[in-house]
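The sequence and structure are shown first.

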Amino acid sequence: MGVAGALLANLVIFGALGLFSWLNGFDSDLFYRSVQEDEWIEWGTFWAFLLAAGAFGWAAVRQRRVARVWPWFLAGVGLFCFAVAMEEISWGQRILGYRPPAYFLAHNYQQELNVHNVMDSDLRKLSVKVVILGYGAVLPLLGLVPGLAGALRRLAVVPPPVELVPGFLAAFWIYDAYPFKFSGEITELMMGFCFLFAGLAPWRELAPPAANTARRRLALPVAVATGLVVGLGAANAWSSRSRRSASPELLEAARAELWALTRDFHQRAREIGGLPSRCGVHKRLYTFRRQYGQRFLDTGQFAALGGQGLPAERAEFFLDPWNSPYWLRDKCSPDRRRRVVFVYSFGPNRRRDSSAWEVRGDDVGGLLLVHPRE
């Protein structure tokens, strides 16, 4: 893919790792906000894989025309990238605000319409590692073996450039070592760049002979693709912050439901002599009820709203009026002298605006405990 293109591609991949490693240590609050759903990392990952899908699709068309073979491999990688892109945004669920089928509400720990979070955790992690190493490292190295290279060519298999192996290995390392929280989000962005640059590489091999020299200069396409990922990701993140569907009726419903939930928690606290939670808990209420067996939520004030018009699925799966999960946050300072507990909804924009200590932005919350009182 040319020296300049290879250097720039790896600089982008390793730069993403370095940037967020530094940010995690320098400004943990900004890092935390950056890795949330609908922020620019997630949107950047979406655009990286979507652009990669387009690049592989174009390469498949060119392979069919130039090499006169059925481009099953390039087309398959393109479809894989498209599926990953759509899985990253849960097939548009949070954008459109629709309620996924009950199966995903019950079996997907994120309560979203995506397949990867329904899979067993160990199987999902193994699959990611196999894809990174198999496609990103083993296949390009096999392409360097003369006999195997010819066999791959006859089978219409186009390996990614060997120059991208360091980037793929870096993505594998951070996913396997998981050196800090949310390392998986950084891995996904790095993988998105790896596949995007791998999708650009066939432009050289599949270009007409007269344009082959120009096609070798991939530095400019790599730079343009990187700019698109960053720019479009930032634009989508800004748009999600600005998105509103704050009808008075929905806001009033969310406040009433959160008031009922706070009443349920306070009633349970009176019964057992303390909140049925502990420091460090930050979970969707549906997960909290199932994981810790908190059956009091099935019979309290919130459950009673079912007789007053609360849809059965929203009541069963603890969904807010915008079909996003209600959350419980129980946060303590390291010395345990300060504790804040609240339940909250992502609000009209369907994204988390709150910090670890308070409800912010258009999030709607119900306070359960502040200690010491401020």
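This is a predicted model: local features need pLDDT of at least 70, side-chain atom pairs count only at pLDDT 80 or more; totals for chains, interfaces and linings use all residues.

## Packing of α3 and α4

Helices α3 and α4 pass each other in a left-handed crossing. Helix α3 spans residues 40–66 and helix α4 spans residues 72–88; their axes come within 8 Å and cross at roughly 160 degrees. Because angles over 145 degrees count as roughly antiparallel, α3 is described as roughly antiparallel to α4.

On the α3 side, the contact is formed by E42, T45, F46, F49, L50, A52, A53, F56, A59, A60 and Q63. The residues contributed by α4 are L74, A75, V77, G78, C81, F82, V84, A85, M86 and E88. By class, the contact of α3 with α4 comprises 16 nonpolar, three polar and two charged residues.

## Packing of α7 and α9

A second pair consists of helix α7, residues 121–142, and helix α9, residues 165–177. The axes of these helices come within 9 Å, with a crossing angle of roughly 160 degrees. The two helices are therefore roughly antiparallel to each other, and α7 passes α9 in a left-handed crossing.

Helix α7 contributes R124, K125, V128, K129, I132, L133, Y135, G136, A137 and P140 to the contact. These residues meet V165, F168, L169, A171, F172, Y175 and D176 of α9. The contact of α7 with α9 divides into 12 nonpolar, one polar and four charged residues.

Note on methods
Residues are numbered from 1 along each chain as its sequence is written. Side-chain values use heavy atoms; hydrogens and water are left out. Axes are lines fitted to C-alpha atoms, for helices over the stretch in contact, and angles run from 0 to 180 degrees between N-to-C directions. Helices (H or I, at least four residues) and strands (E, at least two) are DSSP runs, numbered from the N terminus. Angles under 35 degrees count as roughly parallel, over 145 as roughly antiparallel, 65 to 115 as roughly perpendicular and the rest as oblique. A crossing is left-handed if the near helix is turned anticlockwise from the far one by less than a right angle, and right-handed if clockwise. Contact means heavy atoms within 4.5 Å. Ala, Val, Leu, Ile, Met, Phe, Trp, Tyr, Cys and Pro count as nonpolar, Asp, Glu, Lys and Arg as charged, and the others, Gly among them, as polar.
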